Structure formats: structure tokens, C-alpha cells
Amino acid sequence: MRMRRKKHGAERIAACSEILIPSPITEQTNPQSFFADEKPVCLEIGCGKGDFAVGMSAKHQDLNFIAMERVADVACLALEKAMAASDTRADNLRFIIADARNLTEFFLPHSFDRIYLNFSDPWPKKGYAKRRLTHRGFLELYRSLLVEGGLLILKTDNEGLFDFSLEEFEAMGLTIEWQTRDLHNSEAAADNVMTEYESHFSEIGQVIYSARVRF
Ligand SMILES: C[S@@+](CC[C@H](N)C(=O)[O-])C[C@H]1O[C@@H](n2cnc3c(N)ncnc32)[C@H](O)[C@@H]1O
């Protein structure tokens, strides 16, 4: 996602500090500690401009959500969207501007119930496979973050990334509980909360792939 540098980006991000977890976190922390109410915590990695995180946190007030984005200018738009929605949302959404590679430095082991990966960068060149967020190196990291029986839920428009992900899940001995090659025409469509990329791809007629995997 290429972005022009945001004017007054630092000030705009600072104006959203009440929903921003300061990063880097210097010691492994329980993600529950960022919320007033103790509820299962879900993590979205690569939240982009925040449609999914804002929509899911409003819809599922029995869950807490942390949305992670490594590009500050993109996270700024997500933060502002969440702040604008704040009179209708419960206090169950926080953001962190950081790279997923550092997750285990920030959070206690086995402290998340679910991880969402939405339209992750596909890194199609073979030499870059390790950068894909469903590469087994990342799956090992998710295993240490998720509770026993925790879920990874994936959506993508990219068939190559989807097939690669299924192979990685199987290689790691994970249970693929559910999968579809056409999410919007599946039984899960009614409950689905769209991301920005998803809205765009579905408008141009692209099918959406999805899988739910249990650790
Ligand atoms: C293709 S965009 C999809 C955005 C959004 N999830 C959607 O579906 O509209 C992928 C996003 O993931 C972020 N991202 C990629 N790798 C990441 C990482 N290792 N840690 C945190 N964010 C990452 C990128 O900066 C980008 O904003």
C-alpha cells in the first residue's frame, strides 16, 4: 500500500492516543491490560485503514480487539476512523503501530483467542515466501501467542497465497476447520465484515478465499 506522507501525521496520531497502545512495548504484556473489561482478545495483523477492526469491534462487543499496522500513515487513517466511530462503539478496540515480527516481544504467550489476517501482502516471488504472514515461521509465532485451541482466520483475494497457506497449515499439523473459495456466496457471508481491500475486490467481481484454522 503506497501512501504519500501524511501532513501532520505525528500530531494526528497523537490526537488518537486514547486508543493507541504505545509501541514498542518494552516487556511482554498481557493484552487484556489495555482494556477495562476482561474479554477474549482478538488480534488483526495488517489492519490497513481499519474498516474490519472498527466493524468487528462494534458488532462483537463481547470481544476485545487489537489492530496492528506497521505503516504509521495507514494506521493514522484507521485510528481516525475508530475515533470518529467512538460514540457508537464499545471501548473494545485498540491499535498498535508495529511489525508482526515483534509480536512475541510485546505480548505474553497464549494471550490471544483469535488472529485475523485480511488480504495480507501475497509476496508472489518464491524467494520472498518467508515474508508471507502464513509462512510457517509466522505460524510458529502465532502458536506461541494463541491460547490452546485458538483460531486463525484468513481472507484473501489471492489464490496463490490461499493455496500456499493451506499447505503451510497442513505442514504445521493444524486443523483446517472450514474453508471456502467463494466467501461471499458461502454460509459465512451473512456474518462477514468487509475490509477496504475486500470491498474493492468484490466490486470488480473477484472471488474471496477464506479459511478458519484451529491451533
Ligand atoms: C494489502 S493491505 C490489506 C489491508 C487491510 N487488511 C484490508 O484488507 O483492506 C496489507 C496491510 O498489512 C500491513 N502489513 C504487512 N505486513 C505487516 C507486518 N509484518 N506487520 C504489520 N502490518 C503489516 C501493510 O502495511 C498493509 O497495510
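Me: Why is Phe119 called buried in this predicted model?
Reply: A residue counts as buried if 20 or more other C-beta atoms lie within 10 Å of its own. Phe119 has 21 within 10 Å, so Phe119 is buried. Phe119 is found in the loop between β5 and α5.

Me: What makes the phi of Phe119 worth a remark?
Reply: Most residues other than glycine have a negative phi. Phe119 is not a glycine, yet its phi is positive, at about 55°.

Me: Why is His110 called partly exposed?
Reply: The label applies between the two cut-offs, 12 or fewer for exposed and 20 or more for buried. His110 has 14 C-beta neighbours inside 10 Å, so His110 counts as partly exposed. His110 sits in the loop between α4 (103–106) and β5, and its phi is positive, near 55°.

Me: How do you know that the bond from Ser23 to Pro24 is cis?
Reply: Its omega is near 5°. Most peptide bonds are trans. Pro24 belongs to the loop between β1 and β2 (41–45).

Me: Why are β3 and β4 said to pair?
Reply: Pairing requires at least two bridges. Strands β3 (residues 64–69) and β4 (residues 93–97) are joined by 5 bridges, so they pair, and they run parallel. Met68 has Ile96 of β4 as its bridge partner.

Me: What makes β1 and β7 edge strands?
Reply: The open sheet of 8 strands is ordered β1-β4-β3-β2-β5-β6-β8-β7. β1 (20–21) and β7 (175–180) each have a single partner strand, so one side of each lacks a neighbour in the sheet. Helix α5 (residues 136–145) packs on this sheet, touching β5 (112–118) and β6 (146–156).

How values were computed:
Residues numbered from 1 in each chain as written. Predicted model: local features only at pLDDT ≥ 70, side-chain atom pairs only at ≥ 80, totals over all residues. Helix = DSSP H or I, 4+ residues; strand = E, 2+ residues; numbered from the N terminus. Contact = placed C-beta atoms within 7 Å. Axes fitted to C-alpha atoms, helices over the stretch in contact; angles between N-to-C directions.
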